[in-house]
Amino acid sequence: MGSLPPSLDLPSPNAKSQQIDQTTLLNLFKSQQNHLNYFFQNLDLSQTLTFTQTLLHCNGTIFFSGVGKSGFVANKISQTLISLGIRAGFLSPLDALHGDIGALSASDILVLFSKSGNTEELLRLVPCAKAKGAYLVSVTSVEGNALTAVCDLNVRLPLERELCPFDLAPVTSTAIQMVFGDTVAIALMGARNLSKEEYAANHPAGRIGKSLIFKVKDVMKKQNELPICKEGDLIMDQLVELTSKGCGCLLVIDEEHHLIGTFTDGDLRRTLKASGEAIFKLTVGEMCNR
């Protein structure tokens, strides 16, 4: 095999051309704000209401699909609905044509996200989804696109232009897709009267879930996990028990396993400072907090 080519000494980029100032950045944020305001001011609320009610009354699963950046947004919105206890999922248009469309049924809704509405992968998916009997919804921004002609319901997301100076990079279109999808999700949450407790049940590892679901008995140490000792045990003999259980203290018990008191890491340090070598002869019961 030949050796790797020597590293090329590329000319260093012009540092001045890579700089950006606060005014330029602020103007970009203001421009994006104006583009988003255009969306809010021109969104057809009757279309959006019909779309939301359609999802609300779905008897099956609400599937979302998209390609590229729109696919990421579609996947995120499906995950938001799942976290709210709504049956939803993401259907990759490519994988769908290789078996995953088997998850689709006549009681399901398939929402297709596409800025242009002319995405080939989605257009190839449409006849297959129709053959399964699913209800198809397009969510697009460009008027007069191919998806609107073949779907059962169409929602247009007004797009003034992309923030990208070339009007190409999908940075504004994906932002309004996300705002639209998440707002509809919260509307569904309210319509279904989802309680805080129900929401927490879907997030057992989160802060809300832990505070509302888990009880002391679910997280407490039990039996052999407890750092226990008898009051007649020597302090120095219990150092391993004190440190290995990760509680920062010993639970001092009697013969019936009733709690007598505690002996903490801090008690050990204070006893060592006050007693010196005499600590080797002291029992836990002599120094514990009863």
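**Figure 1. The largest cavity of the predicted model.** The largest cavity has a volume of about 40 Å³, in a model that is predicted rather than determined by experiment. The structure holds one cavity of 30 Å³ or more. Its lining is formed by Phe51, Leu55, Phe64, Ile77, Leu81, Phe113, Phe180, Gly181, Val184, Ala185 and Leu188. Helices H2, H3 and H6 each supply at least two of the lining residues, and H6 gives the most, with five residues.

**Figure 2. The largest nonpolar core.** This core has 28 residues, of which Phe51, Val111 and Phe180 touch the most other members. Two or more core residues come from each of helix H2 (45-56), strand S1 (62-66), helix H3 (69-83), strand S3 (109-113), strand S4 (135-140), strand S5 (153-156) and helix H6 (173-191). H6 provides the largest share of the core, five residues. A second, separate core contains 15 residues, among them Ile101, Leu110, Leu136 and Leu147. In soluble globular proteins, nonpolar side chains tend to be buried together.

**Figure 3. The surroundings of Phe51.** Beyond its neighbours within four places in sequence, Phe51 is in contact with Val111, Val137, Leu153, Val155, Phe180 and Val184. Val111 and Phe180 are, together with Phe51, the members of the largest nonpolar core that touch the most other members. Phe51, Phe180 and Val184 are also among the residues that line the largest cavity.

**Figure 4. Thr52 in helix H2.** Thr52 is found in helix H2. With a relative accessible area of 13%, Thr52 is buried, because the limit for a buried residue is under 20%. Leaving out residues up to four places away in sequence, Thr52 touches Val184, Ala187 and Leu188. Of these partners, Val184 and Leu188 are included in the lining of the largest cavity.

**Figure 5. The largest pocket.** About 160 Å³ of space lies in this pocket. The residues that line the pocket are Val67, Lys69, Ser70, Phe113, Ser114, Lys115, Ser116, Thr119, Leu168, Pro170, Ser173 and Thr174. The elements that give two or more residues to this lining are H3 and H6. The lining divides into four nonpolar, six polar and two charged residues. Phe113 belongs to the lining of the largest pocket and also to that of the largest cavity.

Figure 6. In an unreviewed entry, UniProt lists residues 51-194 as "domain: SIS". The span is 39% helix and 16% strand.

**Figure 7. The annotated CBS span and Gly276.** UniProt, again in an unreviewed entry, places the feature "domain: CBS" at residues 220-279. Over these residues the chain is 28% helix and 23% strand, with 31 Å between the end C-alpha atoms. Gly276 is placed in the loop between helix H11 (265-275) and helix H12 (284-287). At 28% relative accessibility, Gly276 counts as partly exposed, because this class covers values between the limits of 20% and 50%. Gly276 and Ala88 are 188 residues apart along the chain, and their C-alpha atoms are separated by 66 Å.

Methods: Residues are numbered from 1 along each chain as its sequence is written. This is a predicted model: local features need pLDDT of at least 70, side-chain atom pairs count only at pLDDT 80 or more; totals for chains, interfaces and linings use all residues. Side-chain values use heavy atoms; hydrogens and water are left out. UniProt positions are given in the numbering used here, feature names are shortened, and annotations may be inferred rather than shown by experiment. Helices (H or I, at least four residues) and strands (E, at least two) are DSSP runs, numbered from the N terminus. A nonpolar core is a set of buried Ala, Val, Leu, Ile, Met, Phe, Trp, Tyr and Cys residues joined through side-chain atoms within 4.5 Å. Buried means under 20% relative accessible area, exposed over 50%, partly exposed in between (1.4 Å probe, protein chains only). Contact means heavy atoms within 4.5 Å. On a 1 Å grid over the protein atoms alone, a cavity is a set of points where a 1.4 Å probe fits but cannot get out, and a pocket is an open set with protein on both sides within 12 Å along at least five of seven lines; lining residues have an atom within 4 Å of a point. Grid points are joined across faces, edges and corners, and a volume is the space filled by probe spheres set on the points. Ala, Val, Leu, Ile, Met, Phe, Trp, Tyr, Cys and Pro count as nonpolar, Asp, Glu, Lys and Arg as charged, and the others, Gly among them, as polar.
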